[in-house]
Amino acid sequence: MADVILIGEVNDGKLRRVTHEILGELVRQGVDPIVVIPGNGLAPSLAEELGKHGASKVVYLEHDGLKQYSTEGYANALHGYLGSKQISAIVTGATAQGKDFLPRLAAKLGVGMAGDCTELKASGGSFTVRRPVYAGKCSKAVEFVKGPAVFSIRPNVLQMETGKAKMASVEKAAANPGTIRAKIVEVHASGGKKVELTEADNIISGGRPLKEKFNILFECAETIGAAVGASRAACDEGFAAADMQVGQTGKTVSPKLYIACGISGAIQHLAGMRTAKVIVAVNKSADAPIFGVADYGLVADLFEVVPLLTQEFKALKS
Ligand SMILES: Cc1cc2nc3c(=O)[nH]c(=O)nc-3n(C[C@H](O)[C@H](O)[C@H](O)COP(=O)(O)OP(=O)(O)OC[C@H]3O[C@@H](n4cnc5c(N)ncnc54)[C@H](O)[C@@H]3O)c2cc1C
């Protein structure tokens with residue numbers, strides 16, 4: 001029987017949450033995937049953790065050239081390892097990394113791919129996925145005409161819990177990353193203890209009117225352990241860092257709670273956050289399009305509302 005491959009992602013020695021989310025969903029649907037993690041000197045605890053989430057087999061695809069992520073290195077190594085195997089599907093998270101190497105891997109395999117999917121259905125060895133189109137205004141179901149099915153899943157849209165812990169077997173396979181023509185020579189981390197936007201359960205985002213006062217959002221976010229996001233206008237004008245941008249040309253997020261403060265709700269912004277479970281909008285204008293997707297709306301001045309929210313969250317916490 002053909003295998004299902006889940007490509008695991010490790011960041012700073014830790015598995016990304018989306019790997020567990022996909023694993024949980026596959027297991028729930030009766031699929032027993034092989035989790036393949038490219039890297040070097042990968043810790044045994046990663047496989048133990050995956051076992052706790054229901055994985056029965058983990059493959060460490062190792063080579064010195066995979067110590068640091070590179071598009072070509074990952075695509076070449078995975079293609080070399082998977083190319084000759086009987087595989088029905090290859091899936092990974094629609095993270096910056098997944099979005100980067102998966103299309104190249106699919107091209108090497110000579111198949112199409114579906115990116116940034118929000119649902120998957122496994123049935124009798126074949127897969128159907130659903131992905132947002134037209135900046136999130138519609139979604140479409142995708143079937144794969146030619147196997148293997150290659151797709152990525154948006155972080156935070158699937159449940160993580162499985163409740164079926166196993167002792168995962170670990171296999172170390174030698175990988176060949178081939179010739180890597182473009183390498184990352186330096187990484188500048190954005191610093192601090194910021195919660196990663198794409199993995200956050202709660203996000204408070206600000207728009208252009210915040211100007212130099214994004215600190216009020218950070219103060220509020222800190223009280224509930226939320227991440228802070230921003231509209232493109234706020235980023236372009238230098239009020240917020242570029243890695244905070246949510247939207248079509250920024251990050252796609254699916255938190256449990258998204259509080260949009262002074263964000264108009266342009267279609268390009270909605271493309272990145274409309275799958276949030278609960279959306280709260282604070283905007284001075286009752287006509288702002290953000291209210292069209294909001295579950296709760298406050299027609300109010302954010303400079304009055306945000307400090308009150310901070311106060312209330314603090315009171316609730318204590
Ligand atoms: C190709 C392309 C890609 C794009 N990609 C993105 C993207 O990824 N992400 C993104 O966000 N945008 C993106 N945009 C830009 C997008 O079209 C909008 O211009 C942008 O989202 C607007 O940002 P904003 O809502 O912060 O600002 P504005 O449009 O200026 O809206 C500010 C809002 O704040 C309200 N407001 C003003 N003062 C207050 C106050 N004191 N209290 C409460 N409310 C107040 C106003 O009523 C208004 O609704 C893209 C555009 C293009 C063309």
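**Questions and answers**

Student: Is Ile90 buried or exposed?
Tutor: There are 26 other C-beta atoms within 10 Å of that of Ile90. A residue is buried if 20 or more other C-beta atoms, placed from the backbone, lie within 10 Å of its own, exposed if 12 or fewer do, and partly exposed in between. Ile90 is therefore buried.

Student: What kind of model is this?
Tutor: Residues are numbered from 1 along each chain as its sequence is written. Local features need pLDDT of at least 70, side-chain atom pairs count only at pLDDT 80 or more, and totals for chains, interfaces and linings use all residues, in what is a predicted model.

Student: Which strand holds Ile90, and which residues does Ile90 touch?
Tutor: Ile90 is found in strand E6; helices (H or I, at least four residues) and strands (E, at least two) are DSSP runs, numbered from the N terminus. Contact requires C-beta atoms, placed from the backbone, within 7 Å. Leaving out residues up to four places away in sequence, Ile90 touches Ile5, Ile7, Leu82, Pro148 and Val150.

Student: Which strands stand at the edges of the open sheet?
Tutor: Seven strands, with parallel pairing, follow the order E7-E11-E6-E1-E4-E5-E12; strands pair if DSSP finds at least two bridges between them. One side of each edge strand is left without a neighbour in the sheet, because each has a single partner strand; the two are E7 (114-117) and E12 (169-174).

Student: Which residue in E5 is the bridge partner of Val35?
Tutor: Strands E4 (residues 34-39) and E5 (residues 57-62) run parallel and are joined by six bridges. In E5, the partner of Val35 is Val58.

Student: What angle does helix H4 make with E11?
Tutor: Directions run from N to C along lines fitted to C-alpha atoms, for helices over the stretch in contact, and angles go from 0 to 180 degrees. Helix H4 (residues 96-109) packs on the sheet, touching E6, E7 and E11 (149-153). Its direction makes with that of E11 an angle of about 175°.

Student: Which residues touch the most other members of the largest nonpolar core?
Tutor: A nonpolar core is a set of buried Ala, Val, Leu, Ile, Met, Phe, Trp, Tyr and Cys residues joined through C-beta atoms within 7 Å. The largest has 54 residues. Those touching the most other members are Ile5, Leu6, Val35, Val58, Val150, Phe151 and Ile153.

Student: How many residues are in the second core?
Tutor: The second core is separate and includes Cys235, Met244, Ile290 and Leu302. Its number of residues is 37.

Student: Which peptide bond is cis?
Tutor: Pro148 lies in the loop between strand E10 (138-143) and E11. Omega is near -5° in the cis bond from Gly147 to Pro148.

Student: What is the phi of Asn156?
Tutor: Asn156 lies in the loop between E11 and E12. It is buried, with 23 other C-beta atoms within 10 Å. Its phi is positive although the residue is not glycine, near 75°.

Student: Is Lys211 buried or exposed?
Tutor: Lys211 lies in the loop between strand E13 (202-206) and helix H5 (215-224), with a positive phi of about 50°. It has 12 other C-beta atoms within 10 Å, so Lys211 is exposed.

Student: Which helix supplies the largest share of the shell around the ligand?
Tutor: H6 (232-236), H7 (267-270), strand E16 (278-283) and H8 (302-317) each supply at least two residues. The largest share, three residues, comes from H6.

Key
Two residues are in contact if their C-beta atoms, placed from the backbone, lie within 7 Å.
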